[in-house]
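Subject: Structure for your review

Dear colleague,

Please find the structure below, followed by an account of what was found in it.

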Amino acid sequence: MSGTHYATEILKELERLLTRISNTELETMAELVLRSEKVFIAGAGRSGLMGKAFAMRLMHTGRQVYVAGETVTPGIGPTDLLLLCSGSGETGSLTVMARKAVRIGARVGLITIKPESTIGQLAEAIVQVPASAKEDTAASGAAITIQPMGSLFEQGLLLCLDALVLTLMDMEGITGADMFGRHANLE
């Protein structure tokens with residue numbers, strides 16, 4: 001197989017995946033974001049990188065948004081949302097964050113493969129990205145994807161988060177021009 005053939009297969013996988021994401025779940029998550037004073041984003045590894053990309057775009061919409069663990073991130077409070085990106089929904093550090101957020105009275109949102117997970121049980125809103133978890137693929141050699149480990153989830157996560165931004169833009173009447181005015185200007 002050649003590089004372009006792989007890219008074509010990846011696009012087919014993403015199309016199958018994205019058509020199975022629930023619009024209702026995305027809209028529920030968007031409503032949760034809008035009801036929150038501040039939004040805190042967290043994820044581990046590549047999922048965390050996708051979350052950081054979402055945090056940037058969410059900031060462009062005018063929301064107060066922070067990446068958990070950064071030095072300038074304030075404390076979370078009862079009017080806030082912790083939005084977690086975790087394929088398994090079992091990532092240890094994220095589970096600790098979710099439990100702490102709930103204890104403080106903040107809401108928890110989760111984008112995951114496994115809504116029945118530990119974090120899923122703590123979440124007020126869940127968007128399921130129906131990929132295979134990296135541990136499932138490694139154990140069974142599942143044929144859902146030609147890609148290694150969690151690549152399909154991570155790619156689907158980024159596109160799901162971009163769809164969430166578009167949903168928020170639509171709900172609030174925000175344009176791309178509005179967002180560009182909040183783009184970094186110290187580059």
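Throughout this message, buried means under 20% relative accessible area, exposed over 50%, and partly exposed in between, with a 1.4 Å probe and protein chains only. Helices (H or I, at least four residues) and strands (E, at least two) are DSSP runs, numbered from the N terminus. The model is predicted, so local features need pLDDT of at least 70 and side-chain atom pairs count only at pLDDT 80 or more, while totals for chains, interfaces and linings use all residues. Residues are numbered from 1 along each chain as its sequence is written, and side-chain values use heavy atoms, with hydrogens and water left out.

Helix H2 (residues 23–34) has 12 residues and spans 16 Å from its first C-alpha to its last, close to the expected 16 Å; the expected span is 1.5 Å times one less than the number of residues. Its buried residues are Leu26, Met29, Ala30, Leu32 and Val33. Seen down the axis of H2, these fall within an arc of 160°, so they line one face of the helix; the arc is that of the directions from the helix axis to the C-beta atoms. On the other side of H2, Asn23 and Thr24 are exposed. The buried residues of H2 pack against several elements, including strand E1 (38–43), helix H3 (45–60) and helix H7 (151–172), where contact means heavy atoms within 4.5 Å.

Ala42 lies in strand E1 and, at 6% relative accessibility, counts as buried. Leu83 is 41 residues from Ala42 in sequence, yet the two are 6.5 Å apart in space, C-alpha to C-alpha. Leaving out residues up to four places away in sequence, the contacts of Ala42 include Leu83, Leu94 and Met97.

Helix H4 (residues 92–104) has 13 residues and reaches 19 Å from its first C-alpha to its last, close to the 18 Å expected. Leu94, Thr95, Ala98 and Ala101 are its buried residues. They fall within an arc of 125° seen down the axis of H4, so they line one face of the helix. The face turned away from that buried side carries the exposed residues Val96 and Arg103. The buried residues of H4 pack against E1, E3, E4 and helix H5 (118–122). Just after H4, Gly105 takes a positive phi of about 105°.

Yours sincerely
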